[in-house]
Amino acid sequence: MLPGRDGRWFGASFFGFRVLHNNVLGPGKGGLRFHPDLTLEEVTSLAALMTWKCALIDVPFGGAKGGVVCDSKTLSDGELRRITRRFITELGDNIGPHTDIPAPDMYTSAETMALVYDTYDTMHPGRNNRPVVTGKPLDQGGSLGRRDASGNGVVHATEHFIKLRGLDGNHHLGGLRVVIQGFGKVGFAAAKSFARREARIVGLSDSQGAIHNEAGIDPLAALAYKRESGSLAGMPAATNLSNEDLLALDCDILVPAAVANQIHAGNAADVRARLVVEAAYDPVTREADAILQERGVSLVPDILANAGGVCVSYFEWVQNIQNQSWTEQEVERKLRHKMNHAVELVLKRQHRMRESHPDDPLAGMMRTAALALAVERVACATLERGIWP
Ligand code: NAD
């Protein structure tokens with residue numbers, strides 16, 4: 001690395017990783033993140049999670065993940081553009097429309113995916129390369145409905161769970177009180193979708209703090225306030241809370257949609273929601289899982305709850321291969337169908353596991369049932385295909 005005249009470094013080296021965990025069910029699928037703390041271990045474990053998520057939601061993909069160790073907040077647009085293009089060039093044929101298909105993740109966006117596509121397309125001229133990456137801008141072959149897919153998927157999973165299992169005698173979302181931790185892409189889309197179904201958003205938070213209003217918070221007004229002031233805290237007609245207090249609010253449904261390890265052994269006993277829906281990856285620790293289970297709090301696990309994003313990524317890939325463009329209504333209908341079907345299968349498996357292992361608390365969890373279904377699908381496909389040569 002060499003210091004430039006303005007004190008900035010130039011000629012810096014960056015490390016990047018791409019892990020293809022499993023491709024028995026199809027090409028690898030998983031996000032590309034830019035983060036200064038990214039490690040190979042983290043990327044590997046996220047790639048494995050993608051394998052189980054794709055298998056569970058039944059899209060013909062394996063699991064993959066990747067990223068570059070860099071702090072996008074301190075880099076210029078030009079530097080990020082060069083990092084993206086160089087990374088994709090170095091990956092060469094390790095990615096491809098039928099090999100491994102990246103998507104946006106932390107600190108990468110639709111614009112980053114347009115660069116991924118353009119770089120790959122320049123290196124492989126003369127063929128339809130749009131399916132090499134998903135989460136692209138609409139005019140580069142992105143899908144309608146992709147932006148809100150993860151948040152909408154969270155709400156489909158919640159709605160179908162409540163319809164089939166009930167929540168304290170309720171079988172509809174209307175009137176239920178919802179708390180959402182994290183008001184980013186997923187949290188905001190989920191809040192809008194809950195509000196459309198007349199659920200009441202009584203608590204919201206971001207990394208700066210939390211707000212509470214028992215009468216309900218309008219997600220669009222909250223977004224407008226956050227855009228103007230930089231955070232949710234201080235929003236008129238709402239009370240400020242700490243993030244810890246938000247998790248302990250009296251509500252029906254708690255949706256952790258921020259970062260990992262938010263509900264842990266130290267605060268799981270304070271959760272007053274009757275249902276926790278994991279929109280983020282791993283927001284509930286294994287110790288907290290056991291405490292919630294013992295207290296009779298239901299939990300919809302991450303590989304099921306947040307599968308809406310990869311589901312609509314699959315729809316984008318199919319549209320790109322067929323050179324088609326589906327309407328938003330069509331995407332939304334297909335997403336609901338896939339999420340509902342997965343919820344039904346997981347609940348059936350959970351019921352069977354409970355009956356056959358009545359004394360095993362692990363067997364009673366939706367998390368165990370979801371993982372069992374996913375691992376079974378990958379294992380069956382592996383055995384059917386056999387090992388060759
Ligand atoms: P994002 O960066 O858009 O939003 C994250 C939000 O969480 C922000 O509002 C941030 O302020 C808030 N936050 C961060 N730390 C917090 C804390 N300690 N307490 C409260 N709020 C906090 O991210 P996103 O795309 O909305 O993703 C949210 C989670 O969902 C992540 O765990 C992500 O890995 C997971 N996920 C996202 C997608 C997707 O399609 N975006 C798909 C699957 C899973």
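Colleague: Under what relative accessible area does a residue count as buried?

Modeller: This is a predicted model, and residues in it are sorted by relative accessible area. Exposed means over 50%. Buried means under 20%.

Colleague: Is Phe61 buried or exposed?

Modeller: The relative accessibility of Phe61 is 0%. Because the limit for a buried residue is under 20%, Phe61 counts as buried.

Colleague: How many aromatic pairs does the structure hold, and what is the geometry of Phe61 and Trp317?

Modeller: The structure holds six aromatic pairs. In the pair of Phe61 and Trp317, the ring centres are 5.0 Å apart and the planes stand at 70°. Planes over 60 degrees apart count as edge-to-face, so the pair Phe61 and Trp317 is edge-to-face.

Colleague: How many residues apart are Phe61 and Trp317?

Modeller: Phe61 belongs to the loop between helix 1 (40–57) and strand 5 (62–68). Trp317 belongs to helix 10 (residues 308–322), and Trp317 is buried, with a relative accessible area of 10%. The pair thus links distant parts of the chain, 256 residues apart.

Colleague: Which class of aromatic pair do Phe183 and Phe188 form?

Modeller: Phe183 is buried at 5% relative accessibility, and Phe188 is buried at 13%. Their rings lie 5.5 Å centre to centre, with 85° between the planes. Since planes over 60 degrees apart fall into that class, the pair Phe183 and Phe188 is edge-to-face.

Colleague: Which residue lies over the face of Trp326?

Modeller: Trp326 is part of one aromatic cluster, formed with Phe61, Tyr314, Phe315 and Trp317. At 4.4 Å from the ring centre of Trp326, over its face, lies Lys334.

Colleague: Which strands stand at the edges of the open sheet?

Modeller: Four strands form this sheet in the order 3-5-4-6, with mixed pairing. Each edge strand has a single partner strand, so one side of each is left without a neighbour in the sheet. The edge strands are strand 3 (16–22) and strand 6 (100–104).

Colleague: What is the bridge partner of Lys29 in strand 5?

Modeller: Strand 4 (residues 28–34) pairs with strand 5 in the parallel sense, over five bridges. In strand 5, the partner of Lys29 is Gly63.

Colleague: At about what angle does helix 2 run to strand 4?

Modeller: Helix 2 (residues 77–91) lies across strand 3, strand 4 and strand 5. Relative to strand 4, helix 2 runs at about 145°.

Methods
Residues are numbered from 1 along each chain as its sequence is written. This is a predicted model: local features need pLDDT of at least 70, side-chain atom pairs count only at pLDDT 80 or more; totals for chains, interfaces and linings use all residues. Side-chain values use heavy atoms; hydrogens and water are left out. Rings of Phe, Tyr and Trp (its six-membered ring) pair if their centres lie within 6.5 Å; planes under 30 degrees apart count as stacked, over 60 as edge-to-face and the rest as tilted. Helices (H or I, at least four residues) and strands (E, at least two) are DSSP runs, numbered from the N terminus. Buried means under 20% relative accessible area, exposed over 50%, partly exposed in between (1.4 Å probe, protein chains only). A charge sits over a ring if NZ of Lys or CZ of Arg is within 6 Å of the ring centre and within 35 degrees of the ring normal. Two strands pair if DSSP finds at least two bridges between them. Contact means heavy atoms within 4.5 Å. Axes are lines fitted to C-alpha atoms, for helices over the stretch in contact, and angles run from 0 to 180 degrees between N-to-C directions.
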